[in-house]
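The following exercises, each with a worked solution, concern the predicted model shown below.

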2 protein chains.
Amino acid sequence: MRARARIKDVASLAGVSTATVSRALSSPDTVGPATREKVMEAVKATGYRINAAARDLRQRRARSILILAPDLSNTFFGKIFAAIQEEASDVGLTVQISDSRIGRDRLLSLGYDGRADGIVLLDGGIDPEVVNGWKLPLVQLSEWNDEYRAPRLGIDNRAAARLAVDHLADLGHRDILHVSGPGENVLGVERQEGFLMAAADRGMTATVFPGAFTLEAGAQAARHWAALATRPTAVFCASDECALGFISECVHAGFDVPSDVSVVGFDDIDFADRFLPALTTIRQPRADMGRAAAARIIQMVEGRAAGSDNVDALPTERLEPALIIRSSTGTPKRKPGAPA
Amino acid sequence: MRARARIKDVASLAGVSTATVSRALSSPDTVGPATREKVMEAVKATGYRINAAARDLRQRRARSILILAPDLSNTFFGKIFAAIQEEASDVGLTVQISDSRIGRDRLLSLGYDGRADGIVLLDGGIDPEVVNGWKLPLVQLSEWNDEYRAPRLGIDNRAAARLAVDHLADLGHRDILHVSGPGENVLGVERQEGFLMAAADRGMTATVFPGAFTLEAGAQAARHWAALATRPTAVFCASDECALGFISECVHAGFDVPSDVSVVGFDDIDFADRFLPALTTIRQPRADMGRAAAARIIQMVEGRAAGSDNVDALPTERLEPALIIRSSTGTPKRKPGAPA
DNA sequence: GCAATGTATGAAATCGATTACATCTGATTC
DNA sequence: GAATCAGATGTAATCGATTTCATACATTGC
C-alpha cells in the first residue's frame, strides 16, 4: 500500500468524477444508487479517508473546538474535558486543548488561524483585548470576565457560598472562617462575597484568610487558624483541595474534624466522599457544565455556519450548585465552661 | 474591520507578491530588509494571521499532535496532558485530545484525516488493526500493547510492584494481599505479576483480589478483606484511587491504618500525601512521562518531515518509578497471644 | 411530438497558503 | 566590457477537497 489515496484515486477507480465522489460521500441521496455503490466500493478498495485540511480550507470551517484552561493538570477540569469531548465527538467535531497561559501571541493565533470553529474558555484572567480579538464563537465556562463579549455558563458562586454558610449557621456555628481563592480570581471573589453577605445576614462573626485553590493553601490556612487565640468553629474553603489540605493539617496538629472544627469544601471532587472524614461540600455539576458548554458552542458554530447571525448573543446560563452534607461538618463543641 | 485578511491583502497593501509575503514571514532572511519592513507593517495594519488549513494542506503537515486516552476525566492523566501540551506548544504544535473509546471508525479517521502529525497513545486496549492502520508517528505511553508497532515509554511495572512488596517484607509482613487492576489491562497484569514474583522471592503468603483502578474497587476489596478469617496484614493496591478507597472503607469499618493493615498505592497522585493517613505509594513520574513522550513524538514528526525514515523504530524507553514511604504502612501488629 | 421540468453527472473554479521555476538587477571576476 | 553569479522578487503550479455552473438525458404534461 502506497501513500494515502486521494479523492482523485477513488474517482478514477470508480470511473466517475471527483465531484461525484464528493457528493456520494457527503450527500448520498444526490447520486444514483448504482453510482453510489461503485463509489463506496472504490472507497473501500483504496482505503480512502478524507483529507481534513483540504475540506476545511474549502468550507472555511475546521470541525474542531478549542478548550482553553489555565492549568490542564487541575483535577477540576478532567470531567469537564471529558463531557465536552463526548458531546463534540457525537456531532463530528474534534477537540483541541491548550493551556491558556501560553503567551499572548500564541494565544491570539489559536483563536485566529482557522483551526478551531469555536472556543470554550475556562479562564477569566486573559487580556480582554485578546479574547475579544478572536472572531469566533466563544463560551465562558465556570470562570468569566465581564469584559469578554461572550455568554457565560456556570453556577452562581455567591448563592453557592450562601448554601455553605447557611448550613453552618443551621448547625449552630456563630464564628466562621473563609479560606478564599486567589485574589485575582472571579470565582474566589464571588465566593468570598457570598460568604460575607450570608454571614452578615445570619449575624455571624466572619473572618477571611486569603488563600488559593490548592492543598498547600489549605494547609497553611490551618496553621494560621490553629495559632488564633479564639478559633472559629467552622471553615468554608474556596475549593475541595483547599479543604482537604486544611483538614489534613488540622489532624496532624491534633485537632479533630468536625468536633474541633467543621469544614466545608467547594466542587465535590471525586475524592470528597472518600476522604476521612468524608467532606461536606458544594457540588458543582461539572459534567453538566461541560455538556452545556459543548451544546452551546456547537449551537453557535452550527448557527453561524447556517447563517443566523445573532447566536453569539444568547444569554448567560446558570447551573445549580448543591450542598452535599457528609461528615466533615457537625455541631460546634460547647465552649469549655459555657453553660449546657 | 471586515472578514479576516488573507495573504493576498497583505501583499497588495505592501505592494509585493504573495510569495514575498510568505517568505517574509516564514524565512525572513531571504527577503530584503526594506521589503521585510513593508510586509511586517502591512501584516500589522491588516491584522493578518495565517490560515492554518491552507498552510497545512500545502505542506502536508498539521502541526498538531493527538493524545488518545481511555478516560479523559481520570486524574492520572492531567499532569501528563499538561506536560505534553507544554512541550508541544514550545515547538509550535497544537494538541488535540480525544477519548480513545469513541468507536472504531471515528478512531480510524482521527489518525488518518491529516489533522494530526503524530499520536501519543495512552491506551493499550485498542484494536491493533486500527492502531497499525494509522500511517502516523506513534508513541505508546504508560500503557502499551505488544501488537502495536510503536515505541513504548513508561515505567517497568513489574519492578515497581517489587518495590512495594520489598518495602512490606522489610517491615515484617508475611501475609500480603494485592488488589489488582482490571484483568484486561496490561498495567494491572504486570503489577500483579511483579507482586506475585516478588512475594514468592521473599517467601511471603500472597493473595490477589481482582479489582480495578477506582475508588469503588478499593472499597469493595476492603469489605472482602474484612470478611476474611485470617486477614493479610498488608495490601498493595494497583492504583492510589483504589488504595484510598480501601483505606476509607477500612476506617469506616473500624480498622486502623496502618496498625491493622498497611496499604501501599500506586501512582502518587497529588492527594496521596494529604490523605489521612498519608499514603505510601509508588511514584510514577507523570510529568516526566508526558515530557518524554512529547519529546519523542516531536522528534519523530520532525524527523519524518526532514526525511529520515527510521525514526519510528527508536526503542522503548523506561522511566524510573520510586517508592514513597509515608504513613499508611508500618510494622505488622503482633498476633494476639503470640510471643513478644 | 414538443416544450418544460427534473435528475445525474462532469468540468472547472475555488478555498489560501507554499514553493519550483523564471526573471531581473547589480556586483564580481578576468 | 563580457561573462558569471548571487540575491531578491514575481508567476504560476500545487496541495485535495467542495461547489457552481453547464450539460446530457429521461420524464412529464399537453
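## Exercises on the contacts in the model

**Exercise 1.** Identify the type of contact that the side chains of Glu216(A) and Arg274(B) form.

*Solution.* The two side chains meet in a salt bridge, with a distance of 3.4 Å from N to O. The cut-off for such a pair is 4 Å between a side-chain nitrogen of Lys or Arg and a carboxyl oxygen of Asp or Glu, so the contact qualifies. Across the interface of chain B and chain A, the rule finds 8 salt bridges. Polar contacts between chain B and chain A number 22 residue pairs, counted where both residues have pLDDT 80 or more.

**Exercise 2.** Determine how strand E2 of chain A is joined to E2(B).

*Solution.* Strand E2 of chain A covers residues 94-99. This strand and E2(B) run antiparallel and are joined by 3 bridges. As an example of pairing, Val95(A) has Ile97(B) as its bridge partner in E2(B).

**Exercise 3.** Characterise the protein surface near DNA strand C.

*Solution.* First, count the residues: 25 surround DNA strand C, and the closest are Thr20(A), Thr35(A), Ile7(B), Ser22(B) and Arg58(B). Of the atoms of DNA strand C that come within 4 Å of the protein, 68% belong to sugar and phosphate.

Second, locate the helices. Helix H2 (18-26) and helix H4 (52-59) of chain A, with helix H2 (18-26) and H4 of chain B, each supply at least two residues of this surface. The largest share, 4 residues, comes from H4(B).

Third, classify the residues: 9 are nonpolar, 8 polar and 8 charged.

Fourth, examine individual distances:

- An N or O atom in the side chain of Ser22(B) is 2.3 Å from a phosphate oxygen of DNA strand C.
- A backbone N or O atom of Ser17(A) lies 2.9 Å from a phosphate oxygen of DNA strand C.
- An N or O atom in the side chain of Gln59(B) is 3.4 Å from a sugar or linking oxygen of DNA strand C.

How values were computed. Residues are numbered from 1 along each chain as its sequence is written. Chains are lettered from A and ligands numbered from 1 in the order in which they are written. This is a predicted model: local features need pLDDT of at least 70, side-chain atom pairs count only at pLDDT 80 or more; totals for chains, interfaces and linings use all residues. Side-chain values use heavy atoms; hydrogens and water are left out. A polar contact is a pair of N or O atoms within 3.5 Å; within protein, one must be able to donate a hydrogen and the other to accept it, and residues adjacent in sequence count only if both atoms are side-chain atoms. Two strands pair if DSSP finds at least two bridges between them. A residue is near a molecule or strand if one of its heavy atoms lies within 4 Å of it. Ala, Val, Leu, Ile, Met, Phe, Trp, Tyr, Cys and Pro count as nonpolar, Asp, Glu, Lys and Arg as charged, and the others, Gly among them, as polar.
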